[in-house]
Amino acid sequence: MKHLSEEQLIDILMNEPRDAALDQHLAECPPCNERYRLIADGLSVAEAAEPIIPEMPRPMISHAAFRRRTWLKRAVVLPLAAMLVLSLLGFGFQSDQDGFSVQFSLLGTQTTAANHDARIADLEQRLLEAIELNTKLTQNQMDSRFEAVFQERDQNLREFSTALNAQIKGIELQNSENMVDLREEMLQEVRTAANQGR
Amino acid sequence: MEHLVDDIELVRRAQKGEGAAFDVLVKRYESKITGLVYRYVRDTDTALDLVQDIFFKIFRNLVNFKGESKFSSWIYRIAINDCIDHKRRLKVRKEQSLNQIQEYGYDVADERDEANIEDSHLAQLEQAWVRRAVADLPPNQQSIVVMKVYQDLTFDQISEILDEPVSTVKSRLYKALSNLGSVMRRKQVIEGGRT
Ligand SMILES: [Zn+2]
């Protein structure tokens, strides 16, 4: 019979439903036993490291909180962006004792904003929509770029680790067999030494 | 445990904007996800931040959930990916701080490390190396250890969460455990040499 595969050794270790022949092989095959003992030790390390979850405050999560969060973001970021764009377009923002006023100074004309309320409101609305759309597009683009970078990295890692694993598997099996041989030899030597000593 | 209203029904209602339905889903999964994340990052503040972030992602992406997998698998996937991303970012930051040590001759993150060392002294010194061994695993091996060994999920569940065949999951667990086993062997050799 072939040596046990990694999955079969895991099935035995984690007590998954399996063919009884697997346990039989493990009991009779020293190299497989060596590999099994390694992962059994690994499991005991993992178990010893199991974190104890401490008392934690409940995270503040609710539909309402998340809606506020999205709304707040819009309420703060978008008007700021709109002000920036409007000022680039030639609108001046002024704050004095009479309050806050907006002036339009394109082509050198200075007209108070009050006369242009409707126009500004309309412009502002369209700008807000454009900015919102732009924010969304940028976010999507960034997300997909990040995703692409991660995916490429994962892909490379996968290929690399597959190649490496194939090699390691060979070496690992060879090592297990060598270990068994070595043990046999050492036992043999000890026996010979004991016999000579007699 | 079976619930009176199943996940799919709640998801459908939440997708239509029913806040209460979303809140029931949060209640249902909050502690499971918090447990999973804490077991991965082992730090209360970080875990709470990540859990917030995960549920915000669920909130934003709920409209895109089409039900190809179980809802629980879908949110576990978001959670585990967030943990993995967090670990990657942490690694980048560590590398940067290593560069800084080389550049400036000292570690800007020293203070925090000292606090950690003291903490592990006060806690079980014995446990420190096993924790380090698990934390040093590659992120996708650590996530299998967390899900299988700590969260006690079945291989089928993990396979659905990660959208990978069961055989891949098992072989990744094998790698994780043989890595941990090797750490133990090395430690035994070093300690054997010292005495
Ligand atoms: Zn064998």
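1. Let's start with the zinc ion. In this predicted model, its ligands are A:His3 through ND1, A:His25 through NE2, and A:Cys29 and A:Cys32 through SG, at 2.1 to 2.3 Å. Donors here are N, O and S atoms within 2.8 Å of the metal (3.2 Å for Na, K and Ca), and since water is not among the atoms, sites may look incomplete. Along the chain the donors are spaced as H-x21-H-x3-C-x2-C.

2. On geometry, the four donor atoms of the zinc ion make angles of 101 to 131°, and the site is tetrahedral. That label is given to four donors if all angles lie between 85 and 135 degrees. For reference, the ideal angle for four tetrahedral donors is 109.5 degrees. Both A:Cys29 and A:Cys32 are buried; the term means under 20% relative accessible area, with exposed over 50% and partly exposed in between (1.4 Å probe, protein chains only).

3. A word on conventions. Residues are numbered from 1 along each chain as its sequence is written, while chains are lettered from A and ligands numbered from 1 in the order in which they are written. Local features need pLDDT of at least 70 and side-chain atom pairs count only at pLDDT 80 or more, whereas totals for chains, interfaces and linings use all residues; side-chain values use heavy atoms, with hydrogens and water left out.

4. Now the two folds, side by side. Chain A has five helices and three strands, running α-α-α-α-β-β-β-α from the N terminus. Chain B has nine helices and zero strands. Helices (H or I, at least four residues) and strands (E, at least two) are DSSP runs, numbered from the N terminus. Of the 198 residues of chain A, 24% count as buried; for the 195 residues of chain B the figure is 45%.

5. In chain A, 49% of the contacts between residues at least 6 apart in sequence join residues at least 24 apart. In chain B, residues 24 or more positions apart account for 59% of the contacts with a separation of 6 or more. Contact means heavy atoms within 4.5 Å.

6. Next, the interface. Chain A brings 44 residues to the contact and chain B brings 45 residues. Together they bury about 4,200 Å², 66% of it on carbon and sulfur atoms; buried area is the accessible area (1.4 Å probe) that two parts lose on being put together, summed over both.

7. Which polar links cross between the chains? Five salt bridges are found across the interface of chain A and chain B, a salt bridge being a side-chain nitrogen of Lys or Arg within 4 Å of a carboxyl oxygen of Asp or Glu. B:Lys175 pairs in this way with A:Glu6, with the closest N and O atoms 3.6 Å apart. Between chain A and chain B, eight residue pairs are in polar contact (both at pLDDT 80 or more). On the chain A side, helices H1 (6-13), H3 (30-48), H4 (63-88) and H5 (117-197) each supply at least two residues that touch chain B, and H3(A) gives the most, with 13 residues.

8. H1(A) deserves a look of its own. This helix is mostly covered, with six of its eight residues buried: A:Glu6, A:Leu9, A:Ile10, A:Asp11, A:Ile12 and A:Leu13. After H1(A) comes A:Asn15, whose phi is positive, near 60°.

9. B:Arg39 lies in helix H2 (residues 19-41) of chain B and counts as buried because its relative accessibility is 17%. Leaving out residues up to four places away in sequence, B:Arg39 touches A:Glu50, A:Pro51, A:Ile53, B:Val146, B:Tyr150 and B:Gln151. B:Gln52, in helix H3 (residues 44-61) of chain B, is at 22% relative accessibility and therefore counts as partly exposed. With the same exclusion of residues up to four places away, B:Gln52 touches A:Pro59, A:Met60, A:Ile61, A:Phe66 and A:Arg69. A polar atom of the B:Gln52 side chain lies 2.9 Å from the backbone oxygen of A:Met60; a polar contact is a pair of N or O atoms within 3.5 Å, where within protein one must be able to donate a hydrogen and the other to accept it, and residues adjacent in sequence count only if both atoms are side-chain atoms.

10. Finally, B:Asp6 sits in the segment before helix H1 (7-15) of chain B. The side chain of B:Asp6 reaches the backbone nitrogen of B:Glu9 at 3.1 Å.

Terms used:
Four donors count as tetrahedral if all angles lie between 85 and 135 degrees; four count as square planar and six as octahedral if opposite donors are over 155 degrees apart and all others between 65 and 115; anything else is irregular.
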